[in-house]
Amino acid sequence: MRILYLLFAVLLLLFQAAPGSADPLFADTAECRSQGNFCRAGMCPPTFAASGSCHGGLLKCCSK
């Protein structure tokens, strides 16, 4: 049972935000979100249109 507490503590440390980790990994994702759009897997909602890509081309950037 004690190993679960240790495992939980290690996982918390691994996923803790580090200084500077807010830098976007993908430039296309940062550009999409800076324009007020959002990224989505699959089709965009009916009132939105795909205006580009996100996450290196894996997702679509949906805009109004």
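Okay, ground rules. What you see is a predicted model, where local features need pLDDT of at least 70 and side-chain atom pairs count only at pLDDT 80 or more, while totals for chains, interfaces and linings use all residues. Residues are numbered from 1 along each chain as its sequence is written, and side-chain values use heavy atoms, with hydrogens and water left out.

So, the overall layout. We have 2 helices and 3 strands, running α-α-β-β-β from the N terminus. Those are DSSP runs, H or I of at least four residues for helices and E of at least two for strands, numbered from the N terminus. Of the 64 residues, 16% are buried (under 20% relative accessible area; exposed is over 50%, partly exposed in between, with a 1.4 Å probe and protein chains only).

UniProt, in an unreviewed entry, annotates residues 28-62 as "domain: Beta-defensin-like"; positions there are in the numbering used here, feature names are shortened, and annotations may be inferred rather than shown by experiment. The end C-alpha atoms of that span sit 12 Å apart, and it is 20% helix and 37% strand.

Now the cysteines. How many disulfides does the count come to? It comes to 3, taking a disulfide as a pair of cysteine sulfur atoms within 2.5 Å. Number the bonded cysteines in sequence order and the pairing reads 1-5, 2-4, 3-6.

Take C32 and C61, with S to S at 2.0 Å. That link is right-handed, at 90° about the S-S bond. The pair ties helix α2 (residues 27-34) to strand β3 (residues 59-63), 29 residues apart, and both cysteines are buried.

C39 and C54 come in at 2.2 Å, left-handed at -75°. Here strand β1 is linked to strand β2, 15 residues apart. C54 counts as buried because its relative accessible area is 0%, and C39 does so at 16%.

Then C44 and C62, sulfurs 2.0 Å apart, left-handed at -85°. C44 is in the loop between β1 and β2, and C62 is in strand β3, 18 residues away. M43 belongs to that loop too, and is exposed because its relative accessible area is 67%. Its C-alpha is 7.7 Å from that of K60, 17 residues along the chain.

Last stop, the other end. L7 is in helix α1 (residues 2-14), and counts as partly exposed because its relative accessibility is 46%.
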